[in-house]
Amino acid sequence: MIELRINDQVIEAAEGQTVLEAARQAGIYIPSLCYSPDLKPYGGCRMCIVEIEKMRGLPTACTTPVAAGMVIRTETPALTDARRTVLDLLLAEHPLDCASCVKDGRCELQDAAKHMGITVSRLPVSARIQAIDDSNPFFKLDRNKCILCARCTRACDEITGNNAIEIVDRGYGSKVGTVVDRPLTGTNCASCGECVTQCPVAALVPKDHVKPDGVVSTVCPYCGVGCGIKLELSGGKIVSVSGDTGNPSSRGRLCVKGRFGIKDFVHHADRLTTPLLKRDGQFVESAWDEALEYACSRLYQFKPGEVAVIASAKATNEENYLIQKFARAVLKTNNVDHSARLCHAPTVAGLAAAFGSGAMTNSIGDLNQSGCFFVLGANTSETHPVIGFGIKQAVKNGAKLIVANPVRIPLVRYADIFLQHHPGTDVMLLSAMCKIIIDEELLDRNFIDSRTEGYESLAKSLRKFDLDHAAAVTGVALEDIRMAARLYAGSKTASILYAMGITQHRHGTDNVSSVANLAMLTGNLGKPGGGVNPLRGQNNVQGACDMGALPDVFTGYQKVSDEVAKTKFEAAWGVSLPSEPGLTLLEIIDAIDRKKIKALYVVGENLMLSDPDINRLKRALEKLELLVVQDIFMNETAEMAHAVLPSTTFAEKEGTFTNTERRVQRLRKAVNPVGFSKPDWWITAQLGKRLCGKGFGFSGPEGIFEEITTLTPSYAGISYDRLDQGGLQWPCPSPSHPGTPILYVGSFTRGKGVFKAVKFVPPAELPDDTYPFILTTGRSLYHFHTGTMTRRVKGLNALQPTETLEISGVDASNLGISDGESVRVTSRRGSVTANAVVSKRPKPGTIFMTFHFPETATNILTNPARDPVAKIPELKVAAVKIEKV
Ligand SMILES: Nc1nc2c(c(=O)[nH]1)N[C@H]1C(S)=C(S)[C@@H](COP(=O)(O)OP(=O)(O)OC[C@H]3O[C@@H](n4cnc5c(=O)[nH]c(N)nc54)[C@H](O)[C@@H]3O)O[C@H]1N2
Ligand SMILES: Nc1nc2c(c(=O)[nH]1)N[C@H]1C(S)=C(S)[C@@H](COP(=O)(O)OP(=O)(O)OC[C@H]3O[C@@H](n4cnc5c(=O)[nH]c(N)nc54)[C@H](O)[C@@H]3O)O[C@H]1N2
Ligand code: SF4
Ligand code: SF4
Ligand code: SF4
Ligand SMILES: [Mo]
């Protein structure tokens with residue numbers, strides 16, 4: 001700390017701070033307009049000028065670093081005069097209708113004018129009127145109110161990396177512009193609203209602003225980034241959302257879904273408000289007591305092997321803990337699984353084999369220390385947008401980027417190398433990279449010798465590996481693979497980020513092993529900026545796995561087949577437990593189809609749209625004697641249920657989520673439950689109490705969390721009290737442990753990391769004469785999975801109203817299909833109809849669809865062929881034909 005003097009007041013400041021920051025910290029107001037703590041100093045508006053002894057002129061406080069002994073004055077006649085001139089110019093162009101402006105009371109121009117006692121400009125007021133851009137459904141750009149501070153354009157550049165807007169033209173004509181003056185929605189604007197947050201005036205404002213009367217800090221319910229959000233409330237309802245700058249994972253950043261996609265679904269009229277029981281094919285409303293009694297009396301009739309439970313990656317840790325406890329302790333079955341099976345099951349299996357545990361090794365915050373990113377099978381800027389911001393920033397600051405994806409995703413714009421390989425050929429691609437690294441001796445000998453085992457078997461397996469064959473199979477030029485290998489291995493630190501393009505294959509576990517091989521060969525583990533980073537998908541899929549909502553493990557991946565673990569849980573729960581691992585999600589469906597499993601309890605998962613081969617799934621579910629679904633909406637799965645139990649959303653409950661970087665974070669209740677809906681933990685506890693009597697007498701999530709920590713070594717040191725100070729990353733074994741931002745520093749969970757020789761297995765279906773195209777599936781920025789939440793958000797529907805089948809220009813013209821035309825896609829399992837979009841994104845021969853639209857149920861087409869280890873289905877490759885309709 002250093003001392004300086006501002007207006008005769010001695011203040012302390014940290015070295016590296018600017019004069020403006022030091023003054024603000026000491027409570028001294030210096031008017032400013034272009035300054036934002038989130039952006040690089042700019043010195044553009046010249047409102048924050050100060051006088052500094054021994055310095056010439058009037059330097060801007062926002063660009064001047066503090067120095068020991070500085071003597072600064074912030075209010076002198078010269079300063080007032082210069083600021084007045086700036087304000088005169090701005091106010092001459094700015095309508096002075098403060099009283100009717102949505103920014104009244106929160107406007108930095110108003111603050112500055114008030115501070116100076118100014119209400120009108122001394123200059124003639126301009127009569128210029130500029131058109132308003134209200135193309136975006138969530139916010140509008142009114143250039144009449146713009147003061148050209150460039151905070152929005154800098155945010156779009158420095159924070160999001162999107163560069164959808166910039167200040168164009170100079171002098172009087174300068175304005176916030178877009179590419180060829182298009183409306184914002186016609187640009188690559190991602191509707192994240194970071195620009196809106198930055199605007200100091202009312203030039204960029206949300207369209208439906210309501211002044212909040214309260215605010216609650218919690219966590220975004222969409223993806224695994226786990227951004228901190230502030231729910232802003234009025235009259236007991238959410239009216240807006242802002243980013244929580246104190247959250248270490250997101251530091252205030254949000255994407256469109258977190259910022260604008262919440263209130264509409266939470267307060268939607270379609271929310272389930274009361275339990276429903278099916279009578280003569282129709283749902284009738286029922287009281288909780290009756291519905292719970294029905295579910296329990298029916299569940300009671302089945303033997304342990306005849307029931308299964310699906311937990312929810314959308315629900316809290318506490319809820320998932322209770323769900324698996326209910327399955328194991330009450331129903332006496334390990335048949336409990338959840339959507340992680342469709343998602344990162346190969347990660348859990350493959351990384352556990354290589355390292356001893358399977359989770360993201362590094363933290364979101366250390367990505368900026370990476371010299372090179374290898375993003376494969378992940379569309380980060382659309383599916384983990386706030387992590388995408390970080391990658392784009394790092395690349396702008398000099399980091400290298402390799403993208404491997406059959407589809408030209410938005411990140412490719414920033415990539416040094418783009419490998420557009422055929423779907424399902426990642427083992428070939430990664431093996432080729434490993435081979436090149438070994439042959440060219442680009443490996444980290446030291447790391448291999450001291451920290452790993454099995455290198456020889458990998459090296460041996462690659463000795464005869466044919467690189468030209470790999471190029472042919474992947475469809476990528478060998479030179480490009482070579483460049484990628486050299487770039488990745490040649491960087492001081494390199495970070496692999498991967499997701500569903502790697503896992504959702506019948507060889508998903510092999511893919512993950514190959515990724516682990518590559519990272520170990522180059523010593524990219526256990527250090528900042530490195531790592532193997534599986535980006536976990538759902539808001540709490542990491543937590544649902546940690547809580548043992550899986551058929552083979554209790555909490556913290558303690559095996560159900562391990563006598564010691566079983567005995568521990570039996571003692572804690574006071575019951576005897578089954579030791580045979582249960583069935584996985586698709587095995588449960590198989591067993592239902594064979595009428596072996598007769599009753600299913602589904603919490604927060606919409607199987608009827610998210611599982612592969614829906615036609616067959618539907619036939620299976622129709623055979624169930626009992627289907628109980630617990631959800632916030634009547635989804636396609638709930639339609640088939642005998643009983644539907646209404647639960648509350650994240651905004652109506654307490655608990656914890658664990659995000660992709662293993663950070664356990666607190667949720668806080670912001671609004672009251674709608675109707676008679678109840679939090680999932682309460683519902684499951686009621687079922688447990690009625691069926692078993694003991695072990696479910698919790699009065700709230702905190703008590704459940706305490707039980708979790710006593711049974712789960714990696715969570716043992718975490719408590720609600722500690723979480724109130726900010727999230728903690730597991731492993732956190734004791735109350736004084738600070739949590740673990742980077743895994744495997746010094747050693748792996750299993751001691752040494754182990755290489756695995758991997759053999760290439762092609763996808764289960766390859767194109768042939770009847771089904772000549774490969775369908776690959778995934779996500780778009782604006783919708784989430786089966787759409788129950790985002791399809792109920794008006795603005796998100798406006799941005800993406802329907803399914804789009806993306807097809808390359810070559811394929812479209814061969815088939816005579818034009819842009820926007822309706823086509824029928826058929827696989828061996830069924831057909832759907834969708835609108836074709838002729839697109840530069842997919843590789844010729846490959847088409848891309850999402851699975852966000854019930855009216856176009858893409859999973860009718862997908863292949864249930866599954867990975868022998870992780871049992872994940874091949875959602876990323878199905879052979880299809882396309883016909884005009
Ligand atoms: N907007 C939005 N965000 C989400 C979600 C959402 O539904 N919507 N869901 C969340 C969840 S649960 C998850 S799991 C994540 C998923 O996040 P991602 O995995 O990033 O998303 P996907 O679109 O499923 O697939 C990623 C990419 O894999 C590519 N791909 C297809 N086949 C192959 C292949 O064979 N090899 C390689 N290397 N790539 C291939 C696809 O072209 C696609 O770009 O997103 C999370 N975030
Ligand atoms: N073709 C294809 N299929 C895929 C994928 C793919 O890439 N391609 N990806 C797969 C992947 S990675 C995933 S993760 C799955 C996702 O599959 P699902 O998990 O089935 O998809 P969601 O639509 O997220 O369903 C979550 C359900 O939880 C409900 N919900 C939300 N909050 C709560 C809550 O607090 N409590 C309760 N009880 N319910 C709640 C929602 O209304 C919704 O019905 O899809 C898989 N399916
Ligand atoms: S909403 Fe986001 S992407 Fe669009 S202009 Fe603003 S900052 Fe840029
Ligand atoms: S729109 Fe707002 S943030 Fe952007 S330049 Fe104008 S005043 Fe500044
Ligand atoms: S990046 Fe994910 S967690 Fe963050 S706001 Fe967007 S959807 Fe929510
Ligand atoms: Mo997922």
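User: Which residues touch the most other members of the largest nonpolar core?

Analyst: This is a predicted model, in which local features need pLDDT of at least 70 and side-chain atom pairs count only at pLDDT 80 or more, while totals for chains, interfaces and linings use all residues. Residues are numbered from 1 along each chain as its sequence is written, and side-chain values use heavy atoms, with hydrogens and water left out. The residues in question are Leu231, Ile262, Phe265, Phe373 and Phe650, in a core of 98 residues. A nonpolar core is a set of buried Ala, Val, Leu, Ile, Met, Phe, Trp, Tyr and Cys residues joined through side-chain atoms within 4.5 Å. Helix α12 (residues 385-396) supplies the largest share of this core, six residues. Another core, of 56 residues, lies apart from it and includes Phe326 and Leu711.

User: Why is leucine 645 called buried?

Analyst: Buried means under 20% relative accessible area, exposed over 50%, and partly exposed in between (1.4 Å probe, protein chains only). Leucine 645 has a relative accessible area of 1%, and it is therefore buried. This residue lies in strand β25 (residues 643-646); a strand is a DSSP run of E with at least two residues, and a helix one of H or I with at least four, each numbered from the N terminus. Among the residues that leucine 645 touches are Trp288, Val628 and Ile683, where contact means heavy atoms within 4.5 Å.

User: What makes α2 and α3 oblique to each other?

Analyst: The axes of helix α2 (residues 77-92) and helix α3 (residues 108-115) cross at roughly 135 degrees and come within 11 Å. Axes are lines fitted to C-alpha atoms, for helices over the stretch in contact, and angles run from 0 to 180 degrees between N-to-C directions. Angles under 35 degrees count as roughly parallel, over 145 as roughly antiparallel, 65 to 115 as roughly perpendicular and the rest as oblique. The two helices, α2 and α3, are therefore oblique. Their contact is made by Leu87, Leu90 and Leu91 of α2 and Leu109, Ala112 and Ala113 of α3.

User: How do you know that the buried residues of α21 lie on the same side?

Analyst: The buried residues of helix α21 (residues 563-573) are Ala565, Lys566, Phe569, Glu570 and Trp573. They cover an arc of only 130 degrees around the axis, so they are on the same side of α21; the arc is that of the directions from the helix axis to the C-beta atoms. The exposed residues Val564 and Ala571 are on the face turned away from the buried side of α21.

Conventions: Chains lettered and ligands numbered in written order. Lists of a residue's contacts leave out its neighbours within four places in sequence.
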